[in-house]
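Here are my notes on the helix packing and a few side-chain contacts. Please read them alongside the structure shown below.

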Amino acid sequence: MTAAGALIIKMVIAAFSGMGAATVCHPLDVIRVQMQTSGSTYNSAGEAARGIYKNDGLKDGLYAGVSAAYLRQWLYGSCRIGIYAYLLENAQNANIAAGLEKNAIPLSSKMLMGLTSGGIGSFIGTPSELALVRMSNDKKLPVDQRRNYKGVGNCIARIAKEEGAPALFTGAPATVLRACLLSACAMGITSEIKMRLSKSGYFGEGGKAFGGVPMLFCATLVSSFCANTVANPFDVVK
């Protein structure tokens with residue numbers, strides 16, 4: 001298989017897995033957006049969830065803008081995970097060719113790979129990110145100010161038509177910076193912790209106990225905490 005073919009396959013797999021995650025986690029994204037945008041009166045995530053569901057229900061409330069979340073996975077998620085996996089695999093192959101240990105890759109290099117993949121993906125995915133925020137927050141606006149987008153396609157088309165094509169990249173600097181920091185931590189630290197835990201013996205030989213799920217859970221738990229701690233201020237700005 002060619003390098004381009006391998007990259008495409010990794011990106012497609014990443015997009016589909018991202019869609020599955022978005023289906024489960026989208027209500028949390030809606031809650032986050034509504035709590036972070038101006039005019040919010042919610043004091044906690046639980047209060048926001050109850051208020052959104054009471055006012056707008058499941059489809060138009062907690063799952064508002066889910067189509068934008070799916071598009072975001074195809075544009076941003078596929079690049080972030082697919083390109084990172086491609087760069088990591090190339091680095092591993094280079095180590096093998098040089099007679100080094102396959103995973104002898106510095107954390108800084110892994111974080112740089114995550115930063116690169118996240119930056120590329122976030123810039124490409126900025127229109128879908130903007131649509132996600134607009135659609136998730138629309139119901140919070142006064143009735144006469146609501147845009148009532150019919151879907152992500154309608155949202156992006158209307159923004160381009162009513163505000164100009166450059167408006168689709170509103171907030172791009174903050175979005176890209178956030179994604180670079182988040183991906184550097186999420187991807188790089190996850191790979192580093194997985195490698196260390198697999199050698200610890202606590203998760204079976206090579207970290208493969210129970211299919212490797214406990215090790216992966218622990219690694220992603222730590223990396224996600226680090227990533228979101230670093231990226232949250234930029235999330236609010238965005």
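1. The crossing of helices α4 and α7 is right-handed, meaning that the near helix is turned clockwise from the far one by less than a right angle. By class, the residues in contact between α4 and α7 comprise 8 nonpolar, 3 polar and 3 charged. Here Ala, Val, Leu, Ile, Met, Phe, Trp, Tyr, Cys and Pro count as nonpolar, Asp, Glu, Lys and Arg as charged, and the others, Gly among them, as polar.

2. A word on the source: this is a predicted model, in which local features need pLDDT of at least 70 and side-chain atom pairs count only at pLDDT 80 or more, while totals for chains, interfaces and linings use all residues. Residues are numbered from 1 along each chain as its sequence is written, and side-chain values use heavy atoms, with hydrogens and water left out.

3. The geometry of this pair is as follows. Helix α4 covers residues 66–97 and helix α7 residues 172–200; they pack at an angle of about 45°, and their axes are 12 Å apart. The two are therefore oblique to each other (under 35 degrees counts as roughly parallel, over 145 as roughly antiparallel, 65 to 115 as roughly perpendicular, and the rest as oblique). On the α4 side the contact residues include R72, Y76 and Y84, and on the α7 side they include R178, L182 and M187; contact means heavy atoms within 4.5 Å.

4. E129 has 6% relative accessibility and counts as buried (under 20% relative accessible area is buried, over 50% exposed, and in between partly exposed, with a 1.4 Å probe and protein chains only).

5. Helix α5 also packs on helix α6 (residues 152–163), with axes that come within 10 Å and cross at roughly 100°. This makes α5 roughly perpendicular to α6. Contact residues include L130 and R134 of α5 and I156 and E163 of α6. By class, this contact has 8 nonpolar, no polar and 2 charged residues.

6. Back in α7, S200 is partly exposed, at 32% relative accessible area. A polar atom of the S200 side chain lies 2.6 Å from the backbone oxygen of L197. The S200 side chain also reaches the backbone nitrogen of Y202, at 3.2 Å.

Notes
Axes fitted to C-alpha atoms, helices over the stretch in contact; angles between N-to-C directions. Helix = DSSP H or I, 4+ residues; strand = E, 2+ residues; numbered from the N terminus. Polar contact = N/O pair within 3.5 Å; in protein donor to acceptor, adjacent residues only side chain to side chain.
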